[in-house]
Amino acid sequence: MKMRILIIGFVVFVIWSLFSVWLYVDKIKTAMNKPVAVQPNPETLTNVADSLMQLYALMPKDLMIYFDFDKAIFKGDPQTDNSIAEMKKWIEKYPDYKIHVVGNTDFIGTPEYNLDLGLKRAQIIQKYLETQGIGSDKIIASSRGEEKPIADLVTSDGRAKNRRTELTLK
């Protein structure tokens, strides 16, 4: 009986040893030799994100130019000219950027009329930007008409805020 236990123990030991060698050679060693995707350094990603945030922080802010009711007349002022000069410097430094000029109106009038009035407002600002030395190829003018109000439509102050042209660097 003792001999039988020893033989069974020896056979189990040999089988376990062969299984362990096979596992190491075939599975573990093969897995260790596979190419591993290198993860980018989180500090590098953070630095890139930080530099982009710094770049956007330096970028000139959007400019809003307001209009009188049913008018597309604009006369420059020093504050607007300073903002436009900053945008011009930015475009000169980063030539891939363009100024998007989008005309908006209040809701009074037909949608077609308001779309046309918004476009006239955008085009008058586009012409003004060109007189300030910004090339026409760097300006994109469009109209939203009454589609995107930023203030209420009931009060006269709210409607006045909606009669605007937005200048955005993109």
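**Entry 1: ground rules and overview.** I call a residue buried when its relative accessible area is under 20%, exposed when it is over 50%, and partly exposed in between, using a 1.4 Å probe and protein chains only. By that rule, buried residues make up 25% of the 170 residues in the chain. I note that this is a predicted model, in which local features need pLDDT of at least 70 and side-chain atom pairs count only at pLDDT 80 or more, while totals for chains, interfaces and linings use all residues. Residues are numbered from 1 along each chain as its sequence is written, and side-chain values use heavy atoms, with hydrogens and water left out.

I then listed the elements, taking helices (H or I, at least four residues) and strands (E, at least two) as DSSP runs numbered from the N terminus. I find 5 helices and 4 strands, running α-α-β-α-β-α-β-α-β from the N terminus on. For contacts I use heavy atoms within 4.5 Å. Of the contacts in the chain with a separation of 6 or more, 75% are between residues 24 or more positions apart. The chain exposes about 12,100 Å², of which carbon and sulfur atoms supply 62%; the areas come from the Shrake-Rupley method with a 1.4 Å probe, and for residues only the protein chains shown count as cover.

**Entry 2: the core.** Which residues have the most contacts inside the largest nonpolar core? I take such a core as a set of buried Ala, Val, Leu, Ile, Met, Phe, Trp, Tyr and Cys residues joined through side-chain atoms within 4.5 Å. The largest has 20 residues, and Ile65, Ile99, Val101, Ile125, Leu129, Leu167 and Leu169 have the most contacts inside it. At least two residues of this core come from each of β1 (63–66), α3 (78–93), β2 (99–104), α4 and β4 (164–169). In soluble globular proteins, nonpolar side chains tend to be buried together.

I followed Ile65 in strand β1. Ile65 counts as buried because its relative accessibility is 4%. Beyond four places in sequence, Ile65 touches Phe74, Thr80, Ile125, Arg163, Arg164, Thr165 and Leu167.

**Entry 3: helix α4 and what follows.** I checked the span of α4: 21 residues reach 30 Å from first C-alpha to last, close to the 30 Å expected at 1.5 Å a residue. The expected span is 1.5 Å times one less than the number of residues. Among the buried residues of α4 are Asn114, Arg121, Ile125, Gln126 and Leu129. I see the buried residues of α4 packing against β1, α3, β2, β3 and β4.

After α4 comes Gly133, whose phi is positive, near 95 degrees. Gln132 sits in the loop between α4 and β3, and leaving aside neighbours within four places in sequence, Gln132 is in contact with Asp81, Ile84 and Lys88. Lys138 is in the loop between α4 (111–131) and β3 (139–145).

**Entry 4: charges.** A salt bridge needs a side-chain nitrogen of Lys or Arg within 4 Å of a carboxyl oxygen of Asp or Glu.

My search of the whole structure finds 4 salt bridges. Arg163 pairs with Asp106, the closest N and O atoms being 2.9 Å apart. Arg163 lies in the loop between α5 (156–162) and β4 and Asp106 in the loop between β2 and α4, 57 residues apart. Arg163 is buried at 12% relative accessible area, and Asp106 is buried at 3%.

Glu166 forms a salt bridge with Arg144, at 3.5 Å between the closest N and O atoms. Glu166 is in strand β4 and Arg144 in strand β3, so the pair ties together parts 22 residues apart in sequence. The side chains of Arg164 and Glu166 also meet in a salt bridge, 2.8 Å from N to O. Arg164 and Glu166 are both buried. Shared partners join Arg144, Arg164 and Glu166 into one network of salt bridges.
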